[in-house]
Amino acid sequence: MSDTHMPDTKQRQGLDYVVCAHHGTDLDGWTAAALVKRWAEEQGLQPFFFPMNHNAPVRCREIIEAFRPRYFIVADYSLTPAEYRELNDSRCDLESTCRFLWCDHHISAVRDWNKAGYISDEELEAFERGEQVMVGEVAYDTALLCRTQSGCRLLHKMLFPKEYLLPPFVFYVDRYDVWDMDPDIRPDAEALQLACKVYDVENPSSVFWKEVIYPPIERTVLRTEELLHEGRRYKAYQKKLD
């Protein structure tokens, strides 16, 4: 069964779902989806993904009606305040107890949630200073927000809190996505982006992800180094053409 094609009612019966709406047009969002896939496997859950472009609506009621998920994750993307209200209303109407988890770094979304009263002025101020902010009840709805960290890095912290070593692949995706211009980091962050263009990174079930975000950490380090080397070669070739 595909992770991105809507299963019929018979296929959904008896499955514990985690649904994930994520940014579907860049490596940060694709990495976040792959992290959800890994986490779902470890938790014995069936993942289903909704890759989103900016400003595309998330139809919360339809999703909850269709999947009755245990978790509703939004990563490197955001619900509008109105969509979050729809999520809450749907959980109440349908007697769904699914948890809502949100990881994001986009300033406009956090400001919208502040205006709607879901995020306090103090939390917004801390976010805008670049601090990491945890919002909500840990046992129910939780948001992990930071404008100086990418969606996939925040999601790794949330889903794998005991995994203290960040996979280097996630590190370079993170640094590229938040425009870290450190001359010791930026070239390799750009090289990784180039290298990934020839791999099936848009599919969270791709075997590619097994080598860069799954344990053991030693394998992820070696594979990420290989990708950096590939990306440096591509950059050198591009420079010759220019």
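Visitor: Is Asp180 buried or exposed, and how do I read that?
Guide: Buried means under 20% relative accessible area, exposed over 50%, and partly exposed in between (1.4 Å probe, protein chains only). Asp180 counts as buried because its relative accessibility is 16%. Two notes on the source: this is a predicted model, where local features need pLDDT of at least 70, side-chain atom pairs count only at pLDDT 80 or more, and totals for chains, interfaces and linings use all residues. Residues are numbered from 1 along each chain as its sequence is written, while side-chain values use heavy atoms, with hydrogens and water left out.

Visitor: Where is Asp180, and which residues is it in contact with?
Guide: Helices (H or I, at least four residues) and strands (E, at least two) are DSSP runs, numbered from the N terminus. Asp180 sits in the loop between α8 (168-177) and α9 (186-195). Contact means heavy atoms within 4.5 Å. Leaving aside neighbours within four places in sequence, Asp180 is in contact with Arg175, Ile185 and Arg186.

Visitor: Let's take a strand residue. What does Thr142 touch?
Guide: Thr142 belongs to strand β6, and it is buried, with a relative accessible area of 5%. Not counting residues up to four places away in sequence, Thr142 touches Arg99, Phe100, Leu101, Trp102, Met134, Val135, Glu137 and Met158. Take Trp102: from Thr142 it is 40 residues apart in sequence, but 6.3 Å apart in space, C-alpha to C-alpha.

Visitor: Which residues of helix α6 are buried?
Guide: In α6 (residues 121-128), Leu124, Ala126 and Phe127 are buried. To see how they are arranged, look down the helix axis; the arc is that of the directions from the axis to the C-beta atoms. The buried residues of α6 fall within an arc of 160°, so they line one face of the helix. They pack against β4 (99-104), α5 (107-115), β5 (133-136) and β6 (142-145). Just after α6, Gly130 takes a positive phi of about 95°.

Visitor: And which residues of α3 are buried?
Guide: Those of α3 are Cys60, Ile63, Ile64, Ala66 and Phe67. Their arc is 165° seen down the axis, so they too line one face of the helix.

Visitor: At what angle do α3 and α4 pack?
Guide: Axes are lines fitted to C-alpha atoms, for helices over the stretch in contact, and angles run from 0 to 180 degrees between N-to-C directions. Helix α3 (residues 60-67) and helix α4 (residues 81-93) pack at about 30°, their axes 8 Å apart. A crossing is left-handed if the near helix is turned anticlockwise from the far one by less than a right angle, and right-handed if clockwise; that of α3 and α4 is right-handed. On the α3 side, Cys60, Arg61 and Ile64 meet Glu83, Glu86, Leu87, Asp89, Ser90, Arg91 and Asp93 in α4.

Visitor: How do α2 and α8 pack?
Guide: Their angle is about 145°, with axes 9 Å apart, and α2 passes α8 in a left-handed crossing. Leu27, Asp28 and Thr31 in α2 meet Phe169, Val170, Val173 and Asp177 in α8.

Visitor: Which residues touch the most other members of the largest nonpolar core?
Guide: A nonpolar core is a set of buried Ala, Val, Leu, Ile, Met, Phe, Trp, Tyr and Cys residues joined through side-chain atoms within 4.5 Å. Of the 42 residues in the largest one, Ile73, Leu155, Phe169, Trp209 and Ile213 touch the most other members. α2 gives the most to this core, with nine residues. A second, separate core of 33 residues includes Phe50, Met52, Ala109 and Trp113.

Visitor: Last one: where is the cis peptide bond?
Guide: The cis bond joins Pro215 and Pro216, with omega about 5°. Pro216 is in the loop between α9 and α10.
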